[in-house]
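Me: Please take a close look at the ligand site, and begin with the rule for pairing aromatic rings.

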Amino acid sequence: MSGHVPVLLPEVIDALQPQAGGVIVDGTFGGGGYAMRVLAHADCRLYGIDRDLDAITRAEKLAADEPRLVPLMGRFGDMDALLLNTGVPHVDGVMLDIGVSSFQIDQGERGFSFMRDGPLDMRMGQTGPSAAEVINTMSQDDLATVIYQLGEERQSRRIAKVICERRTETPFTTTLDLAETIENAVGGRRGKKTHPATLTFQAIRMFVNDELGELARGLAAAERMLVPGGRLVVVTFHSLEDRLVKRFFRDRSGGNGGGSRFMPEKAAGPTPTFDLVSRKAIEAGPDETKTNPRARSARLRAGIRTTAASWTAEVDTGVRVPNLSTVEEAA
Ligand SMILES: C[S@@+](CC[C@H](N)C(=O)[O-])C[C@H]1O[C@@H](n2cnc3c(N)ncnc32)[C@H](O)[C@@H]1O
């Protein structure tokens, strides 16, 4: 099995600035690329969270030789509860590397890939409805909304219609069956560079794992857990995710303060909880994108926690999709 090549690794360390004696949270442990580099850089303690049992198994193996690493199985959206249960009331740094790992994509049996056959699953954790349950039970309108909102797929209505027609004959159980049905629905590849199922697979994966909801909760949890001067570093690979992170840091750093005489109430928001490390997103340079094409879409944003109290308002995901809990799970 191939490994996961961490993206923007020196830039993450530079933005996080881990210090000796500090406590760092890696909310997306994956293959441990970021985590192990942090531990090599500073004599700190690192809590490695992942919702995927395979990632936690890898973390436990590494922790056998590295007592400063503490694996924690769960979702980073719940990081404050996970950490408080372990007796950790606050932390000096949080890093999030959003999305799936190469370990997950490369294993056909996890059901993430339209290139490898496997059961239509796509769950990072082992709970909640699978992609097959979503595809086989959701109403045509809801399916179209998910594919449009989370995949930004312009042919969402047509794809949802074809999926719903096909499933009345035979329900979908495998990734390649779904990929081929989508390819036929949009009239084949027609010289396109990317597979016609790319955006639909991305949308279903993001929905099944509530990825934007998790990101919104994770940012708010990090805000609550970080000490003044603590750092939050987030790497995203998708425009919807980067938009969410950008808006979070803009709002939390007072960048949405207005101050306009036409909108005086906008100026009186809560006190900023972050100072920005850089106003613009940090992107990979040509050397990295040449050797790792995944790095092309990576965006790093980071902030330094101020002394202000955490905001109480929930972080908005920016998209409106049906609730995952409405999907029927097979008995
Ligand atoms: C892109 S990989 C991280 C790779 C890691 N930075 C490295 O260097 O190896 C993302 C990982 O985050 C995990 N993940 C995604 N969303 C999560 C969530 N809400 N809570 C916990 N883990 C999550 C995935 O299971 C996956 O292992």
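Reply: Rings of Phe, Tyr and Trp (its six-membered ring) pair if their centres lie within 6.5 Å, planes under 30 degrees apart counting as stacked, over 60 as edge-to-face and the rest as tilted. The model is predicted, so local features need pLDDT of at least 70 and side-chain atom pairs 80 or more, while totals for chains, interfaces and linings use all residues. Residues are numbered from 1 along each chain, and side-chain values use heavy atoms, without hydrogens or water. By the ring rule there are four aromatic pairs, among them the edge-to-face pair of phenylalanine 249 and phenylalanine 274, 5.5 Å centre to centre with 90 degrees between the planes.

Among the polar contacts (N or O atoms within 3.5 Å), a ligand nitrogen is 2.7 Å from a side-chain N or O atom of aspartate 97, whereas a ligand oxygen is 3.1 Å from a polar backbone atom of glycine 33. The protein covers 99% of the 610 Å² of accessible area (Shrake-Rupley, 1.4 Å probe) that the ligand has on its own.

Definitions and conventions: A polar contact is a pair of N or O atoms within 3.5 Å; within protein, one must be able to donate a hydrogen and the other to accept it, and residues adjacent in sequence count only if both atoms are side-chain atoms.
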